[in-house]
Amino acid sequence: MDWGNVTAEDLIDALREVDWSSPPRPLSEFFSRFTVPRSSSKWNSRLKCNLYYYRTNYFILIVSVLILGFLRRPLAIVAALLTALSIAFLNDSFAGTFSEKVTRTVRQFSPHLAAKMRPPLTPVIRGRPSSKRAIYICGRPRWVFVLIFSSASFFLWFVSAGLLTVLWALAIGLLATILHASFRTPNLKARLNTFREEFRAVWRNYSEL
């Protein structure tokens with residue numbers, strides 16, 4: 001896969017659809033080899049490849065920086081977790097896994113309520129879905145949960161007066177992420193992982209036909 005031809009929108013779509021439940025890469029691999037990119041095109045390709053391959057590591061890095069910045073503001077920590085959760089709901093895999101686990105837990109106490117939390121069936125025309133499959137969380141459209149958690153986090157940010165703190169912490173976390181992704185040399189594992197994810201995407205689209 002030529003990362004130089006991948007646009008920012010393609011990268012965002014890939015990060016939205018990919019499975020984020022995979023464990024982070026080992027620290028020995030994460031801090032293995034750093035080199036300066038030879039050209040702007042090499043840097044562009046390396047940046048996209050590393051952001052995709054080390055996505056879990058970067059997510060943990062940013063969250064850790066945010067938590068360190070909120071040690072004196074417990075309410076801001078809750079706001080940061082709600083914000084991270086509302087962003088995570090935009091990922092298809094996370095939203096589906098979260099909904100499945102919540103529904104399974106509710107089924108142990110109230111099977112009738114769990115039955116109401118099932119997503120509606122997608123109509124099929126001539127063996128194919130009539131439209132792109134919508135994502136539901138606990139039987140409700142995804143945007144409902146995103147709106148609720150985003151509104152709650154915004155209220156907590158306002159109450160805790162920690163917005164300036166989160167901006168500084170977020171800037172530091174993003175800067176560290178961009179610096180690492182820019183100078184970390186992609187290894188063979190990253191390239192093989194890219195081809196594997198690309199094959200899974202093609203096979204998923206083929207199986208839906």
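These are my notebook entries on a predicted model of a protein.

**Entry 1: overall make-up**

I started with the secondary structure. I counted 10 helices and four strands in the protein. I then read the order along the sequence: α-α-α-α-α-α-α-β-β-β-β-α-α-α.

Next I looked up burial. The protein has 209 residues, and 32% of them are buried.

Residues 24 or more positions apart account for 82% of them.

**Entry 2**

I picked one helix pair to look at in detail. Two packed helices are described by the angle between their axes and the distance between the axes. I looked up both values here.

H4 covers residues 55-69, and H9 covers residues 163-183. Their axes come within 9 Å. They cross at roughly 150 degrees. Angles over 145 degrees count as roughly antiparallel, so H4 and H9 are roughly antiparallel to each other. I noted the handedness too: H4 passes H9 in a right-handed crossing.

Which residues of H4 meet H9? I listed Tyr 58, Leu 61, Ile 62, Val 65, Leu 66 and Gly 69. On the H9 side, the partners include Thr 165, Val 166, Ala 169, Leu 170, Gly 173, Thr 177, His 180 and Ala 181. I then sorted the residues of this contact by type. There are 12 nonpolar, five polar and no charged residues.

**Entry 3: Cys 138**

I went through the backbone angles and stopped at Cys 138. Its phi is positive, about 55 degrees, although Cys 138 is not a glycine. I located Cys 138 in the loop between strand E3 (136-137) and strand E4 (140-141).

Is Cys 138 buried or exposed? Its relative accessibility is 12%. The cut-off for buried is under 20%, so Cys 138 counts as buried.

**Entry 4: Arg 33**

I turned to another loop. Arg 33 lies between helix H2 (27-30) and helix H3 (40-53). Its relative accessible area is 52%, and Arg 33 is exposed.

What is Arg 33 in contact with, leaving aside its neighbours within four places in sequence? I found Phe 183, Arg 184 and Thr 185. I checked the spacing to one of these. Arg 33 and Arg 184 are 151 residues apart in sequence. In space they are 6.0 Å apart, C-alpha to C-alpha.

How values were computed. Residues numbered from 1 in each chain as written. Predicted model: local features only at pLDDT ≥ 70, side-chain atom pairs only at ≥ 80, totals over all residues. Heavy atoms only, no water. Axes fitted to C-alpha atoms, helices over the stretch in contact; angles between N-to-C directions. Helix = DSSP H or I, 4+ residues; strand = E, 2+ residues; numbered from the N terminus. Parallel < 35°, antiparallel > 145°, perpendicular 65-115°, else oblique. Left-handed = near helix turned anticlockwise from the far one by under 90°. Contact = heavy atoms within 4.5 Å. Nonpolar A, V, L, I, M, F, W, Y, C, P; charged D, E, K, R; others polar. Buried < 20%, exposed > 50% of the residue type's maximum accessible area, 1.4 Å probe, protein only.
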